[in-house]
Amino acid sequence: MREKISTGTTEPGIVMNKEILTEQSRCPPSPHLANQHQTFMMFRMSQPTKSDGAQTLLIDADDTLWENNIYFERAITSFISFLNHHEYSPQQVREVLDDVERECIVSHGYGLHSFAHALARTFERLAVEPLTPALHETVSGFAHAIAEHPIEILPNVPETLQYLSGRHRLILMTKGALAEQFGKVERSGLKEHFSAVEIVAEKNAATYREVVSKYSLPADSTWMIGNSPKSDINPALAAGINAVFVPHGDTWILEHEEVATVETPSRLLVVESFANLREHF
Ligand SMILES: [Mg+2]
């Protein structure tokens with residue numbers, strides 16, 4: 001069950017909302033993995049938008065502004081190697097982990113704590129030996145090592161944000177654990193380009209409607225920009241705003257989803273890279 005609270009304003013220009021997940025029961029059955037190998041479906045692009053007026057650009061962070069998923073993939077590779085399962089192939093171990101991660105998102109939300117929990121649960125399910133405190137430390141260490149990785153900004157992001165922020169209002173919109181995401185925003189050096197930062201527990205249509213309402217955003221001049229069809233594109237379109245899909249070659253498998261059909265009046269753009277946003281805004 002989810003209980004939503006607002007953590008309020010921590011400093012000028014930074015407003016954070018967070019849904020707190022309270023664990024009241026064991027995780028529900030995880031969704032089937034039928035969609036995990038689907039590739040992004042490309043579609044006909046709408047006409048490019050000319051900047052004839054200031055727009056509001058909601059911009060995703062992980063794997064849109066900076067690398068994120070590659071660190072998790074490396075941690076998973078290390079975990080699977082450490083587990084060294086004698087019956088399950090690495091792919092089979094990965095499928096179990098994906099299922100456990102889905103369950104842990106429900107109970108623990110997104111972020112490193114949830115991921116560390118998923119690794120430990122997967123070890124318990126698959127290993128023949130018990131998860132001793134020492135083993136637990138090793139396994140969860142694969143996850144917590146991610147936090148120590150320096151932020152790697154994706155190509156041309158700072159100069160593109162500089163350009164966009166001079167023409168439009170930018171709001172950073174990222175999901176995940178509050179402290180983790182806020183820490184990354186701070187360390188990225190990119191915060192100055194944004195008029196606000198929204199850290200949310202989940203990105204669904206209701207979340208986008210809340211943000212649109214909170215900032216009194218006109219739907220026709222508001223865009224969500226990001227790498228995830230599941231979290232950035234489809235729910236934004238469902239909420240009636242526009243979207244720009246910036247594919248990333250290493251998007252997390254749990255974010256894979258076909259891009260929804262665009263319904264008028266929403267508009268959808270696909271750009272090859274973040275720098276290409278300059279051509280549209
Ligand atoms: Mg992302």
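**Group meeting: a walk through the model**

Let's start where two helices meet: Val-93, Val-96, Leu-97, Val-100, Glu-101, Cys-104, Ile-105 and His-108 of H2 come up against His-113, Ser-114, His-117, Ala-118, Arg-121, Thr-122, Arg-125 and Leu-126 of H3. Helix H2 covers residues 90–108 and helix H3 residues 112–126, and they pack at an angle of about 130° with their axes 8 Å apart. That angle makes H2 oblique to H3, and the crossing of H2 and H3 is right-handed.

Before going on, a word about confidence. This is a predicted model. The chain has an average pLDDT of 83, and 81% of the residues score at least 70. Residues 1–51 have a pLDDT below 50, although this stretch has 76 contacts in the model beyond near neighbours in sequence. Where pLDDT is low, the predicted coordinates should not be read in detail.

Now to the inside. Which residues have the most contacts in the largest nonpolar core? They are Leu-58, Ile-225 and Ala-243, in a core of 39 residues. Leaving out residues up to four places away in sequence, Ile-225 touches Leu-57, Leu-58, Ile-59, Asp-60, Thr-64, Val-244, Val-246 and Leu-277. There is also a second, separate core of 20 residues, with Ile-105, Tyr-110, Phe-123 and Ala-143 among them.

My next stop is helix H8, residues 229–238. Eight of its ten residues are buried, so H8 is largely enclosed by the rest of the structure. And what do the buried residues of H8 pack against? Their partners are strand S4 (169–175), helix H7 (205–214), strand S6 (222–226), strand S7 (242–245) and strand S8 (268–270). The buried residues of H8 include Pro-229, Asp-232, Asn-234 and Leu-237. After H8 comes Gly-240, with a positive phi near 95°.

Let me finish with some backbone details in the loops. Asp-63 sits in the loop between strand S3 (56–59) and helix H1 (69–83), while Asn-84 is in the loop between H1 and H2. Buried or exposed? Asp-63 is buried, because 23 other C-beta atoms lie within 10 Å and the cut-off is 20 or more. Asn-84 has 9 C-beta neighbours inside 10 Å, so Asn-84 counts as exposed.

One more loop, between S7 and S8, holds Pro-265. The peptide bond from Thr-264 to Pro-265 is cis, with omega near 10°.

Key. Residues numbered from 1 in each chain as written. Predicted model: local features only at pLDDT ≥ 70, side-chain atom pairs only at ≥ 80, totals over all residues. Core = buried A, V, L, I, M, F, W, Y, C linked by C-beta atoms within 7 Å. Buried ≥ 20, exposed ≤ 12 C-beta atoms within 10 Å, placed from the backbone. Contact = placed C-beta atoms within 7 Å. Helix = DSSP H or I, 4+ residues; strand = E, 2+ residues; numbered from the N terminus. pLDDT = per-residue confidence, 0-100. Axes fitted to C-alpha atoms, helices over the stretch in contact; angles between N-to-C directions. Parallel < 35°, antiparallel > 145°, perpendicular 65-115°, else oblique. Left-handed = near helix turned anticlockwise from the far one by under 90°.
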